[in-house]
Amino acid sequence: MKRALSMTTAIVLLSSVLTACGGNSNASNDGGTANAGNANAGNASANNTEANTNADAGNAAANANTGDAGGKTGEKITINLWSFTDEIPNMTKKYLETHPDANVDFKTTVIATTDGAYQPALDQALAGGGKDAPDLYAAESAFVLKYTQGDASDYAANYSDLGLDDQQVKDAGIAQYSVDIGSKDGQLKGLAYQATGGAFIYRRSIAKEVFGTDDPAAIKTNIGPGWDKFFDAAAKLKAKGYGIVSGDGDIWHPIENSSDKGWIVDGKLHIDPKREQFLDFSKQLKDKGYSNGTTDWTEAWYADMSGTGKQPIFGFFGPAWLINYVMSGQVKDTTGDWAVTEPPTGFFWGGTWLLANKDVVKDEAKKAAVADFIKWVTLDTSDTGLQNFWANGTMKAGEQGTKDSVASSVVMSKSDGKVDLLGGQNMFEVFVPANANATGKNLTQYDESINLIWRDQVRQYAEGKKSREQTLKDFKQKVQDQLGIDSE
């Protein structure tokens, strides 16, 4: 099996979506991620800036400058931070604000994932080593396994070597899927600061008309557990003139992330029966009019969020970020007419993991500084930890920012997750179990590329352009041609 070439994915820039740190979101079309925080992902490239003085990391110029941070050689520890949005660089500002005695300068490099630019640059920087190599670096769910378990995993330090142990992870109540994705051979190498377990986000008014209630506990039993109940609900909704989802992309992530095995088993392409069933589900949604046949991240998809599509749509599958950074800008007059409940099957979608270069452990001062920042971002459950600020939308003092689902269930359980879009529902009551029910054991480092191929082939089948047999045959051939991976 050949190593995968640099992966690319269709990027849709959501220029109107604000993050808790004041940036925008960029979302990958079929790669299955969305990352809030990039102020201008289309223009961002490799420019080193100091995070504590950086006014706009997202508009970084296309040139990675090197040198001592702030000209303070010998006075402060310089931490080289690489990311694909300005989300983590903005966190460094809050860290320095809450740690006035921290003897560190953050020198940040922001390179957007647009056109696949981030990974090759990061790989080169990690391989090159030296004083300008990344000390801390981010990886999103679409390609994180490459850095935690795959081809580039040897560059990452074990958290235990940084002094961050399993007990701290347990004490913070970190979702197991995040730990599994960030671990190799039992050694934790990365953690996400968000938790992206998915829920079903539905229209209250439609629920009352069709099911007689909008109570999340009741709707959960109408749409699941399992896909049989989900499609039974779709039939009831259709009888009243409603679609259950906007398009097949809305059910893909729950199906993908609940499969028993991933795309690669023993070095060969494996089509898990649950993923193969997506062919039938996609065609059923289209043939029976259970959806509007939209493609995610398109105007038609957004129109269904606002209730202006060709038929009213009942709901969408997604994590808290879909509510906060996508739907919030699209629902318009339907604000307050939404609620969340547990989905027919557990899943997660998206997220960003934070890793450290293994070379930082060679310098005790730098190791301590890097470890302290990672701990503050991912494991600190105190009122002054990033997790608390992020969950409660209090990153900026005196302002109510976006509340988000975070890695720590301990923090979420003591935080206020009520949001206006959901009619004042405390979304954390749903997302804490949703995060716990997600699994991270069916991913591979090739998922981004294989998912693009799969989704394209499934669309062609659902539209009647080819037979089921031909669809599977073409899928296997394209994976072999593009990635050099043979099928079972």
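**Helix α9 and its partners**

I began with the contact of two helices: I251, W252, I255 and E256 in α9 meet K274, R275, F278, F281 and L285 in α10. Contact here means heavy atoms within 4.5 Å. I sorted these residues of α9 and α10 by class and got six nonpolar, no polar and three charged. In this scheme Ala, Val, Leu, Ile, Met, Phe, Trp, Tyr, Cys and Pro are nonpolar, Asp, Glu, Lys and Arg are charged, and the others, Gly among them, are polar.

I note that this is a predicted model, where local features need pLDDT of at least 70, side-chain atom pairs count only at pLDDT 80 or more, and totals for chains, interfaces and linings use all residues. Residues are numbered from 1 along each chain as its sequence is written, and side-chain values use heavy atoms, with hydrogens and water left out.

Next I looked up the geometry. Helix α9 covers residues 249-257 and helix α10 residues 273-287; they pack at about 160°, with axes 9 Å apart. Helices are DSSP runs (H or I, at least four residues), numbered from the N terminus. Axes are lines fitted to C-alpha atoms over the stretch in contact, and angles run from 0 to 180 degrees between N-to-C directions. α9 and α10 are therefore roughly antiparallel, a label for angles over 145 degrees. α9 passes α10 in a right-handed crossing (the near helix is turned clockwise from the far one by less than a right angle).

I then turned to α17, residues 447-462. Its axis and that of α9 come within 12 Å and cross at roughly 130°. G249, W252 and E256 of α9 touch N451, W454 and R455 of α17. By class I find two nonpolar, two polar and two charged residues in the contact of α9 with α17.

**The core**

How many residues does the largest nonpolar core have? I find 140, and M91, F230, I244, I251, F314 and F373 have the most contacts inside it. Helix α13 (residues 364-378) gives the most to this core, with seven residues. Such a core is a set of buried Ala, Val, Leu, Ile, Met, Phe, Trp, Tyr and Cys residues joined through side-chain atoms within 4.5 Å.

**Q425**

Is Q425 buried or exposed? I find 13% relative accessibility, so Q425 counts as buried (under 20% relative accessible area, 1.4 Å probe, protein chains only). Q425 sits in the loop between α15 (409-413) and α16 (428-437).

Conventions
Buried means under 20% relative accessible area, exposed over 50%, partly exposed in between (1.4 Å probe, protein chains only). Angles under 35 degrees count as roughly parallel, over 145 as roughly antiparallel, 65 to 115 as roughly perpendicular and the rest as oblique.
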